[in-house]
Amino acid sequence: MGATGLSADTTEYRARLAEQPDSQIDAWAAELMRDVAIRRGVVRVVEEFRHAARLSEVEFERVFASGGGPPATLGRDGQGRLMVPAVALWALVPGIRSQVADGRERLIEYLVANFEELVYV
């Protein structure tokens, strides 16, 4: 499975991700966000991305907007949790790269944190 970056455990998975080009990391992160949003909801994606990428709500909003997400679409659900449109989750990928020096590492952290989701898909 070396060509796909997948492995049986998170340690090997992290090592294989480190060998991948940026374009592959970006594609996998965006695809993971889409797939998790479909199965578990956008709120879950936002919460997990913020946690893995170590972003406050304000930093998340900046990352989303700088990646091309329309700032006017940021909002909150009925319970007050941060929300963005599912179709705009992709904006987090270029946004994290443009806003933090270690954007690649934070995307890898997001992928590793969701390793069980990848195995499920």
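Predicted model: local features only at pLDDT ≥ 70, side-chain atom pairs only at ≥ 80, totals over all residues.
Local features need pLDDT of at least 70 and side-chain atom pairs count only at pLDDT 80 or more, while totals for chains, interfaces and linings use all residues. Residues are numbered from 1 along each chain as its sequence is written, and side-chain values use heavy atoms, with hydrogens and water left out.

Take helix α2 to begin with, residues 22–40; helices here are DSSP runs of H or I, at least four residues, numbered from the N terminus. At 1.5 Å a residue, its 19 residues should span 27 Å, and the end C-alpha atoms sit 26 Å apart, which agrees. That expected span is 1.5 Å times one less than the number of residues. Buried in α2 are Ile25, Trp28, Ala29, Leu32, Met33, Asp35, Val36 and Ala37 (buried means under 20% relative accessible area, with a 1.4 Å probe and protein chains only). After α2 comes Gly41, with a positive phi near 105 degrees.

On to the rings: searching the whole structure turns up 3 aromatic pairs (ring centres within 6.5 Å, using the six-membered ring for Trp; planes over 60 degrees apart count as edge-to-face). Phe49 and Phe60 have ring centres 6.5 Å apart and planes at 70 degrees, so they pair edge-to-face. Phe49 belongs to helix α3 (residues 42–53) and Phe60 to helix α4 (residues 57–66), 11 residues apart. Both Phe49 and Phe60 are buried.

Phe49 also pairs with Tyr110: the centres are 5.5 Å apart and the planes at 70 degrees, so this pair is edge-to-face. Because Tyr110 lies in helix α6 (residues 103–113) and Phe49 in α3, the pair ties together parts 61 residues apart in sequence. Tyr110 is buried, as is Phe49.

Terms used. Helix = DSSP H or I, 4+ residues; strand = E, 2+ residues; numbered from the N terminus. Buried < 20%, exposed > 50% of the residue type's maximum accessible area, 1.4 Å probe, protein only. Phe/Tyr/Trp six-rings, centres within 6.5 Å; stacked < 30°, edge-to-face > 60°.
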